[in-house]
Amino acid sequence: MADRLSIDSADLLATLQRIASTLERLAPKQVAQPEFSAADAFVWHPLGRALAPVRRVNRVDMSLLKGIDRVRDTLVENTERFARGLPANNALLWGARGMGKSSLVKAAHAAVNGTTARVKLIEIHREDIESLPDLMTMLRGAAHRFIVFCDDLSFDADDTTYKSLKAVLEGGIEGRPENVIFYATSNRRHLMPREMMENERSTAINPGEAVEEKVSLSDRFGLWLGFHRCSQDEYLAMVQGYVGYYQIPVDAEAMRAEALEWATTRGARSGRVAWQYVQDLAGRLGVPLREPAVPR
């Protein structure tokens, strides 16, 4: 009888151990708190719920962003207020391609960090927007302040991940954490293609309500900062700004003619086209594009 009880106890213990092991595997994994002092910028990786530090952010000096003075000042002022713990708005930077939308976000972050308490910049990729609530949970209550940044944000007809963003920005029970602000760039003012909006209006019983839910997403951004195609003079000012900043020795008239031809062959004038021309020019002249030795 004692032997039977011993065997039953061993079986019971083994069963309990298997149950405990199974529950341990099913339980949510404890996520280590990120080491925010490791860097001023991070990239969000939702699979492991991890923030990868970025030691050197790919950005341009604020002085090189030409033709966007009004939106530049507005975004920097909004970011400065947020850094000081004052009320500030989520911002949507929308408009023409290559006009410095994402460059301005990164430059504003650098400018504010140079004068006030440190603000952390966290990039979340467009395809990871559905994991935004998890990121907000991680940041909520942290001692730092954070700009969560999504570049080239837009949604297609069958995409429902916008609901995660919508709930985080303004809706939901918890809402956006007080120490987090959201900046996004997009080529679309309402984050959805025009033909999609027109199609839903034409096929809906109530056209006004058909797109209201998706259009209301852009309403969650208190700042709409529009970027428009630049003029020829603004484009040339961008080129001249880069040439002067990197101290590229080139004849002004020759540079002007080449820069205009470069823009014509690409069918556009923008900050991106200006930078591409300057890279080509510097390469032909054998000039490395390093930071100038003397601050300008």
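**Exercise 1. Helix packing**

At what angle do helix α10 and helix α11 pack, and how far apart are their axes?

*Solution.* The model is predicted.

Step 1. Take the two elements: α10 covers residues 252-266 and α11 covers residues 271-285. Their packing angle is about 125°, and the axes lie 10 Å apart.

Step 2. α10 and α11 cross in a right-handed sense.

Step 3. Sort them by class. The contact of α10 with α11 holds 7 nonpolar, 4 charged and 1 polar residues.

**Exercise 2. Nonpolar cores**

Which residues of the largest nonpolar core touch the most other members? Trace the surroundings of Tyr 235.

*Solution.* 

Step 1. The largest nonpolar core has 52 residues. Leu 75, Leu 104, Tyr 235, Val 239 and Tyr 277 touch the most other members.

Step 2. Find the main contributor. Helix α9 (residues 232-245) supplies the largest share of this core, 7 residues.

Step 3. Set aside neighbours of Tyr 235 within four places in sequence. Its remaining contacts include Cys 230, Leu 260, Arg 269, Ser 270 and Ala 274. Ala 259, Trp 262, Ala 263, Val 273 and Tyr 277 are also in contact with Tyr 235.

Step 4. Look beyond this core. Another core, of 30 residues, lies apart from it; Leu 139, Val 148, Leu 169 and Val 180 are among its members.

**Exercise 3. Burial**

How many of the 8 residues of helix α5 are buried? Name them.

*Solution.* 

Step 1. Start with the whole chain. Of 296 residues, 42% count as buried.

Step 2. Turn to α5 (residues 162-169). This helix is mostly covered, with 6 of 8 residues buried.

Step 3. Name them: Tyr 162, Ser 164, Leu 165, Lys 166, Val 168 and Leu 169.

**Exercise 4. Positive phi**

Where are Arg 49 and Gln 247 found? Give the phi and exposure of each.

*Solution.* 

Step 1. Arg 49 sits in the loop between β1 (41-45) and β2 (50-54). Its phi is positive, about 50°, although Arg 49 is not a glycine.

Step 2. Gln 247 lies in the loop between α9 and α10. Gln 247 is not a glycine either, yet has a positive phi of about 55°.

Step 3. Check exposure. Buried means under 20% relative accessible area, and exposed means over 50%. Arg 49 has 29%, so it is partly exposed. Gln 247 has 44%, so it is partly exposed.

Technical notes:
Residues are numbered from 1 along each chain as its sequence is written. This is a predicted model: local features need pLDDT of at least 70, side-chain atom pairs count only at pLDDT 80 or more; totals for chains, interfaces and linings use all residues. Side-chain values use heavy atoms; hydrogens and water are left out. Axes are lines fitted to C-alpha atoms, for helices over the stretch in contact, and angles run from 0 to 180 degrees between N-to-C directions. Helices (H or I, at least four residues) and strands (E, at least two) are DSSP runs, numbered from the N terminus. A crossing is left-handed if the near helix is turned anticlockwise from the far one by less than a right angle, and right-handed if clockwise. Ala, Val, Leu, Ile, Met, Phe, Trp, Tyr, Cys and Pro count as nonpolar, Asp, Glu, Lys and Arg as charged, and the others, Gly among them, as polar. A nonpolar core is a set of buried Ala, Val, Leu, Ile, Met, Phe, Trp, Tyr and Cys residues joined through side-chain atoms within 4.5 Å. Buried means under 20% relative accessible area, exposed over 50%, partly exposed in between (1.4 Å probe, protein chains only). Contact means heavy atoms within 4.5 Å.
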